[in-house]
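Subject: Structure handover

Hi,

Here is the structure we spoke about. Please open it alongside this email; my notes follow below.

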Amino acid sequence: MRAPRTRGEAVDQLVEVGRLAVERGLVLASGGNLSARLPGAAEFVVTAAGTWLDRLTPADLSVVTLDGEVVGGAARPSSEWKLHQRTYLVRPDVGAVVHLHPQHAVLVDALGHRIRLLTLDHAVYVRSVGTVQFLPNGSDELADAAAEQTREHDCVVLSHHGCSTVGPDVGTAFRRALNLEEAATATYRALLLGDMTTDFPADFTADADLRHGPP
Ligand SMILES: [Zn+2]
(Lines give C-alpha, C1' and ligand atoms only; values in the text may rest on other atoms or scores of the structure.)
Protein backbone atom coordinates (compact mmCIF):
# COMPACT_ATOMS: atom_id res chain seq x y z
CA MET A 1 0.00 0.00 0.00
CA ARG A 2 1.80 3.13 -1.18
CA ALA A 3 1.19 6.73 -0.10
CA PRO A 4 -2.00 7.97 -1.82
CA ARG A 5 -1.66 10.67 -4.49
CA THR A 6 -5.32 11.59 -4.63
CA ARG A 7 -8.17 11.67 -2.15
CA GLY A 8 -9.80 8.84 -4.11
CA GLU A 9 -6.76 6.63 -3.50
CA ALA A 10 -6.81 7.52 0.22
CA VAL A 11 -10.50 6.56 0.38
CA ASP A 12 -9.81 3.24 -1.38
CA GLN A 13 -7.10 2.50 1.21
CA LEU A 14 -9.43 3.30 4.10
CA VAL A 15 -12.06 0.95 2.66
CA GLU A 16 -9.49 -1.84 2.36
CA VAL A 17 -7.98 -1.30 5.82
CA GLY A 18 -11.46 -1.18 7.38
CA ARG A 19 -12.20 -4.62 5.95
CA LEU A 20 -8.83 -6.02 7.05
CA ALA A 21 -9.12 -4.58 10.57
CA VAL A 22 -12.42 -6.39 11.15
CA GLU A 23 -11.17 -9.54 9.44
CA ARG A 24 -8.13 -9.63 11.75
CA GLY A 25 -10.32 -9.13 14.82
CA LEU A 26 -8.83 -5.76 15.74
CA VAL A 27 -12.27 -4.26 16.14
CA LEU A 28 -15.89 -5.38 16.08
CA ALA A 29 -17.68 -4.23 12.98
CA SER A 30 -19.09 -0.83 13.99
CA GLY A 31 -16.37 0.13 16.51
CA GLY A 32 -13.25 2.08 15.64
CA ASN A 33 -12.71 4.75 13.03
CA LEU A 34 -10.16 5.60 10.38
CA SER A 35 -8.96 8.76 8.68
CA ALA A 36 -6.51 9.98 6.08
CA ARG A 37 -5.30 13.24 4.61
CA LEU A 38 -3.11 14.08 1.69
CA PRO A 39 0.32 15.55 2.50
CA GLY A 40 -0.01 19.10 3.76
CA ALA A 41 -3.81 19.12 3.37
CA ALA A 42 -5.89 21.21 5.78
CA GLU A 43 -8.72 18.68 5.74
CA PHE A 44 -9.05 14.94 6.21
CA VAL A 45 -11.53 12.19 5.39
CA VAL A 46 -12.83 10.22 8.38
CA THR A 47 -15.33 7.41 8.71
CA ALA A 48 -18.83 8.62 9.47
CA ALA A 49 -20.83 7.90 12.64
CA GLY A 50 -22.28 4.40 12.84
CA THR A 51 -20.41 2.99 9.87
CA TRP A 52 -19.26 -0.63 9.82
CA LEU A 53 -15.56 -0.77 9.03
CA ASP A 54 -15.87 -3.97 7.00
CA ARG A 55 -18.57 -2.51 4.77
CA LEU A 56 -17.24 0.97 4.02
CA THR A 57 -18.08 2.72 0.79
CA PRO A 58 -16.89 6.20 -0.25
CA ALA A 59 -20.29 7.52 0.93
CA ASP A 60 -19.40 6.46 4.51
CA LEU A 61 -16.72 9.14 4.85
CA SER A 62 -16.96 12.75 5.98
CA VAL A 63 -14.56 15.50 4.94
CA VAL A 64 -13.54 17.60 7.97
CA THR A 65 -11.18 20.58 8.11
CA LEU A 66 -8.44 20.90 10.73
CA ASP A 67 -10.69 23.57 12.29
CA GLY A 68 -13.37 20.92 12.81
CA GLU A 69 -15.82 21.97 10.13
CA VAL A 70 -17.57 19.31 8.06
CA VAL A 71 -17.17 20.43 4.46
CA GLY A 72 -18.15 17.37 2.46
CA GLY A 73 -19.23 13.75 2.37
CA ALA A 74 -21.41 12.24 5.09
CA ALA A 75 -22.91 14.91 7.35
CA ARG A 76 -22.02 13.30 10.68
CA PRO A 77 -18.41 12.17 11.17
CA SER A 78 -17.50 9.52 13.76
CA SER A 79 -18.08 10.65 17.36
CA GLU A 80 -14.30 10.31 17.76
CA TRP A 81 -13.41 12.69 14.94
CA LYS A 82 -11.63 15.03 17.38
CA LEU A 83 -9.08 12.31 18.13
CA HIS A 84 -8.10 12.45 14.46
CA GLN A 85 -8.25 16.24 14.21
CA ARG A 86 -6.08 16.90 17.27
CA THR A 87 -3.56 14.29 16.15
CA TYR A 88 -3.16 15.89 12.73
CA LEU A 89 -2.74 19.30 14.39
CA VAL A 90 0.22 18.15 16.51
CA ARG A 91 1.81 15.87 13.88
CA PRO A 92 2.14 17.58 10.47
CA ASP A 93 3.99 14.48 9.21
CA VAL A 94 1.03 12.17 9.86
CA GLY A 95 -1.15 11.22 6.90
CA ALA A 96 -3.41 8.63 8.55
CA VAL A 97 -4.88 7.83 11.97
CA VAL A 98 -6.21 4.35 12.70
CA HIS A 99 -8.35 3.96 15.82
CA LEU A 100 -9.26 0.35 16.68
CA HIS A 101 -10.21 -1.72 19.73
CA PRO A 102 -7.57 -4.50 19.80
CA GLN A 103 -8.34 -6.98 22.59
CA HIS A 104 -4.91 -7.91 23.91
CA ALA A 105 -3.51 -4.38 23.81
CA VAL A 106 -6.45 -3.14 25.87
CA LEU A 107 -6.34 -6.13 28.24
CA VAL A 108 -2.61 -6.04 28.98
CA ASP A 109 -2.80 -2.30 29.62
CA ALA A 110 -5.91 -2.64 31.80
CA LEU A 111 -4.15 -5.28 33.91
CA GLY A 112 -1.41 -2.76 34.62
CA HIS A 113 1.29 -4.29 32.44
CA ARG A 114 3.49 -2.60 29.88
CA ILE A 115 3.11 -3.90 26.33
CA ARG A 116 6.55 -5.34 25.60
CA LEU A 117 8.22 -5.28 22.20
CA LEU A 118 9.69 -8.73 21.65
CA THR A 119 10.43 -9.16 17.95
CA LEU A 120 12.23 -7.17 15.29
CA ASP A 121 8.86 -6.31 13.69
CA HIS A 122 7.57 -4.93 16.98
CA ALA A 123 10.71 -2.85 17.47
CA VAL A 124 10.63 -1.46 13.93
CA TYR A 125 6.92 -0.80 13.47
CA VAL A 126 5.76 -0.01 17.01
CA ARG A 127 8.98 1.48 18.42
CA SER A 128 7.31 2.78 21.58
CA VAL A 129 3.86 2.79 23.14
CA GLY A 130 2.15 5.76 24.78
CA THR A 131 -0.84 5.42 27.08
CA VAL A 132 -3.78 7.60 28.03
CA GLN A 133 -5.90 7.04 31.13
CA PHE A 134 -9.55 6.19 30.59
CA LEU A 135 -11.48 9.23 29.40
CA PRO A 136 -14.95 9.31 27.81
CA ASN A 137 -14.93 8.47 24.12
CA GLY A 138 -15.56 11.41 21.82
CA SER A 139 -14.45 13.92 24.49
CA ASP A 140 -12.06 16.83 24.00
CA GLU A 141 -10.06 15.47 26.95
CA LEU A 142 -9.45 12.10 25.28
CA ALA A 143 -8.65 13.71 21.91
CA ASP A 144 -6.17 16.14 23.48
CA ALA A 145 -4.52 13.54 25.73
CA ALA A 146 -4.09 11.09 22.85
CA ALA A 147 -2.69 13.81 20.57
CA GLU A 148 -0.24 14.80 23.31
CA GLN A 149 1.04 11.20 23.53
CA THR A 150 1.29 11.07 19.74
CA ARG A 151 3.91 13.84 19.86
CA GLU A 152 6.28 11.11 21.11
CA HIS A 153 4.71 7.80 20.11
CA ASP A 154 3.24 6.41 16.88
CA CYS A 155 1.19 3.91 18.91
CA VAL A 156 -0.99 5.03 21.80
CA VAL A 157 -3.21 2.82 23.98
CA LEU A 158 -6.42 4.47 25.19
CA SER A 159 -7.00 2.67 28.47
CA HIS A 160 -10.07 0.40 28.69
CA HIS A 161 -10.94 1.40 25.16
CA GLY A 162 -8.59 0.91 22.22
CA CYS A 163 -5.59 2.29 20.42
CA SER A 164 -4.63 5.09 18.07
CA THR A 165 -1.82 4.48 15.61
CA VAL A 166 -0.44 6.89 13.05
CA GLY A 167 1.73 6.88 9.97
CA PRO A 168 2.50 8.75 6.78
CA ASP A 169 -0.17 6.63 5.05
CA VAL A 170 -3.05 4.31 5.94
CA GLY A 171 -1.05 1.13 5.32
CA THR A 172 1.73 2.12 7.72
CA ALA A 173 -0.68 3.23 10.45
CA PHE A 174 -2.53 -0.10 10.11
CA ARG A 175 0.69 -2.12 10.13
CA ARG A 176 1.56 -0.41 13.40
CA ALA A 177 -1.81 -1.40 14.87
CA LEU A 178 -1.26 -5.00 13.75
CA ASN A 179 2.18 -5.11 15.33
CA LEU A 180 0.99 -3.39 18.52
CA GLU A 181 -1.66 -6.10 18.94
CA GLU A 182 0.85 -8.84 18.13
CA ALA A 183 3.25 -7.41 20.74
CA ALA A 184 0.42 -7.29 23.27
CA THR A 185 -0.55 -10.89 22.49
CA ALA A 186 3.09 -11.98 22.91
CA THR A 187 3.29 -10.03 26.18
CA TYR A 188 0.11 -11.73 27.39
CA ARG A 189 1.57 -15.16 26.61
CA ALA A 190 4.85 -14.27 28.30
CA LEU A 191 2.93 -13.20 31.41
CA LEU A 192 1.03 -16.51 31.40
CA LEU A 193 4.39 -18.28 31.47
CA GLY A 194 5.43 -16.14 34.43
CA ASP A 195 7.89 -14.02 32.45
CA MET A 196 7.91 -10.39 33.60
CA THR A 197 11.06 -9.05 32.02
CA THR A 198 11.87 -10.23 28.49
CA ASP A 199 12.20 -7.41 25.97
CA PHE A 200 13.70 -6.87 22.53
CA PRO A 201 17.53 -6.59 22.95
CA ALA A 202 18.15 -3.03 24.08
CA ASP A 203 21.54 -2.82 22.39
CA PHE A 204 19.97 -3.38 18.97
CA THR A 205 17.80 -0.40 18.30
CA ALA A 206 14.98 -0.24 15.80
CA ASP A 207 16.50 2.90 14.35
CA ALA A 208 19.66 1.03 13.50
CA ASP A 209 17.66 -1.66 11.77
CA LEU A 210 15.63 0.83 9.78
CA ARG A 211 18.77 1.82 7.94
CA HIS A 212 18.57 -1.58 6.30
CA GLY A 213 14.87 -1.23 5.47
CA PRO A 214 11.83 -2.88 7.03
CA PRO A 215 12.21 -6.59 7.82
ZN1 LIG B 1 -13.18 3.78 20.05
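**Ser-164 and its surroundings**

Ser-164 sits in strand E8. The model is predicted, so please read everything here with that in mind. Is Ser-164 buried or exposed? It has 31 C-beta neighbours inside 10 Å, so it counts as buried; the cut-off for that is 20 or more.

What does Ser-164 touch, leaving aside its neighbours within four places in sequence? Its contacts are Leu-83, Thr-87, Val-97, His-99, Ala-146, Thr-150, Val-156 and Leu-158. Take Thr-87 from that list. Ser-164 and Thr-87 are 77 residues apart in sequence, yet C-alpha to C-alpha they are 9.5 Å apart in space.

H2 covers residues 81-90 and H5 covers residues 140-150. Their axes are 8 Å apart, and the helices pack at an angle of about 35°. The crossing of H2 past H5 is right-handed. On the H2 side, the residues that meet H5 are Lys-82, Leu-83, Arg-86, Thr-87, Leu-89 and Val-90. On the H5 side, they are Asp-140, Leu-142, Ala-143, Asp-144, Ala-146, Ala-147 and Thr-150. By class, this contact holds seven nonpolar, two polar and four charged residues.

How many of the 10 residues of H2 are buried? Eight are, and the helix is mostly covered.

**Helices H1 and H6**

The axes of H1 (residues 7-23) and H6 come within 10 Å and cross at roughly 20°. That angle makes H1 roughly parallel to H6. H1 passes H6 in a right-handed crossing.

Which residues meet here? From H1 come Ala-10, Gln-13, Leu-14, Val-17, Leu-20 and Ala-21. From H6 come Val-170, Gly-171 and Phe-174. The contact of H1 with H6 has seven nonpolar residues, two polar and no charged.

**Helix H3**

H3 runs over residues 103-110, and its buried residues are His-104, Ala-105, Val-106, Val-108 and Asp-109. What do they pack against? The partners are strands E6 (129-132), E7 (155-158) and E8 (162-167), together with helix H6 (170-192). Just after H3, Gly-112 takes a positive phi of about 90°.

**Two backbone points to check**

Most residues other than glycine have a negative phi.

Arg-127 has a positive phi, near 65°, and is not a glycine. Its place is in the loop between helix H4 (120-126) and E6. Arg-127 is partly exposed, with 18 other C-beta atoms within 10 Å.

His-160 has a positive phi as well, near 60°, and is likewise a residue other than glycine. Where does His-160 lie? It is in the loop between E7 and E8. His-160 is exposed, with 12 other C-beta atoms within 10 Å.

**The protein as a whole**

Now the overall picture. There are seven helices and eight strands in the protein. The radius of gyration is 16 Å, close to the 17 Å that the globule rule gives for 215 residues, so the protein is as compact as a globular protein of that length. Along its principal axes, the C-alpha trace spans about 50 × 35 × 30 Å.

What share of the 215 residues counts as buried? The figure is 47%. Among contacts between residues at least 6 apart in sequence, 65% join residues at least 24 apart.

Best wishes

Key. Residues numbered from 1 in each chain as written. Predicted model: local features only at pLDDT ≥ 70, side-chain atom pairs only at ≥ 80, totals over all residues. Helix = DSSP H or I, 4+ residues; strand = E, 2+ residues; numbered from the N terminus. Contact = placed C-beta atoms within 7 Å. Axes fitted to C-alpha atoms, helices over the stretch in contact; angles between N-to-C directions. Parallel < 35°, antiparallel > 145°, perpendicular 65-115°, else oblique. Left-handed = near helix turned anticlockwise from the far one by under 90°. Nonpolar A, V, L, I, M, F, W, Y, C, P; charged D, E, K, R; others polar. Rg over C-alpha atoms; globule rule 2.2 N^0.38 Å.
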